[in-house]
Amino acid sequence: VQLQASGGGSVLAGASLRLSCAATGSPAGLAGMAWFRQAPGKDREFVASVRWNAGSTYYSDSVKGRFTISRDNAKNTMYLQVNSLKPEDTAVYYCAAGEIPSYAGANYAIRSAYDYWGQGTQVTVSS
């Protein structure tokens, strides 16, 4: 599976962007996808995830209410609508995909839950 992220850019605080992540290769076995981000000098952190079949979504507290994750199964593509951007949202945004099926108590906010990673797309927010 290959993941291609796009949609980043340089914007002013308060603006919106729509990030996309297209899965190619053999995406039929994917169970979930997610966005992580990494700011300069910081660890990569979880942003949001979506389960491929049920559509269940999960968000980090820092983006809840501002970001919306979605997926288009027919296009094997995941999206992240990012609204009300803040300078602290500046980071490289990475998409990830995993084949581990959903189960009770699963933690979809950790990097080890995902098997494939995209190259990242830069989001820069200035005040």
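Which residue in β3 is the bridge partner of Gln 4? In this predicted model, the partner is Ala 22. The bridge belongs to a wider pairing.

The structure contains 1 disulfide. Cys 21 and Cys 95 form it, with 2.2 Å between their sulfur atoms. The link joins distant parts of the chain. Cys 21 sits in β3, whereas Cys 95 sits in strand β9, residues 91-98, and the two are 74 residues apart. The angle about the S-S bond is 65°, and the link is right-handed. Are the two cysteines buried or exposed? Cys 21 has a relative accessible area of 0%, so Cys 21 is buried. Cys 95 is also at 0% and therefore counts as buried.

Next come the nonpolar cores. In soluble globular proteins, nonpolar side chains tend to be buried together. The largest nonpolar core here has 28 residues. Trp 35, Val 47, Phe 67, Met 78, Leu 80 and Tyr 93 touch the most other members. Two or more residues come from each of β1, β3, β4 (32-38), β5 (45-51), β7 (67-72), β8, β9 and β11 (121-126). Another core, of 8 residues, lies apart from the largest one. Its members include Ala 34, Phe 36, Tyr 108 and Tyr 114. Beyond its neighbours within four places in sequence, Phe 67 is in contact with residues including Val 47, Tyr 59, Leu 80, Val 82, Leu 85 and Tyr 93. Arg 37, Gln 81, Asn 83 and Asp 89 are also among its contacts.

Strand β5 also holds Arg 51. Arg 51 has 4% relative accessibility, so Arg 51 counts as buried. What does the side chain of Arg 51 reach at 2.9 Å? It reaches the backbone oxygen of Ile 100. A polar contact at 2.8 Å joins the side chains of Arg 51 and Ser 102. Leaving out residues up to four places away in sequence, Arg 51 touches Ala 31, Gly 32, Ser 56, Tyr 58, Arg 71, Ile 100, Pro 101, Ser 102 and Tyr 108. Arg 51 and Ser 70 are 19 residues apart in sequence, and their C-alpha atoms are 9.4 Å apart in space.

Note on methods
Residues are numbered from 1 along each chain as its sequence is written. This is a predicted model: local features need pLDDT of at least 70, side-chain atom pairs count only at pLDDT 80 or more; totals for chains, interfaces and linings use all residues. Side-chain values use heavy atoms; hydrogens and water are left out. Two strands pair if DSSP finds at least two bridges between them. Helices (H or I, at least four residues) and strands (E, at least two) are DSSP runs, numbered from the N terminus. A disulfide is a pair of cysteine sulfur atoms within 2.5 Å. Buried means under 20% relative accessible area, exposed over 50%, partly exposed in between (1.4 Å probe, protein chains only). A nonpolar core is a set of buried Ala, Val, Leu, Ile, Met, Phe, Trp, Tyr and Cys residues joined through side-chain atoms within 4.5 Å. Contact means heavy atoms within 4.5 Å. A polar contact is a pair of N or O atoms within 3.5 Å; within protein, one must be able to donate a hydrogen and the other to accept it, and residues adjacent in sequence count only if both atoms are side-chain atoms.
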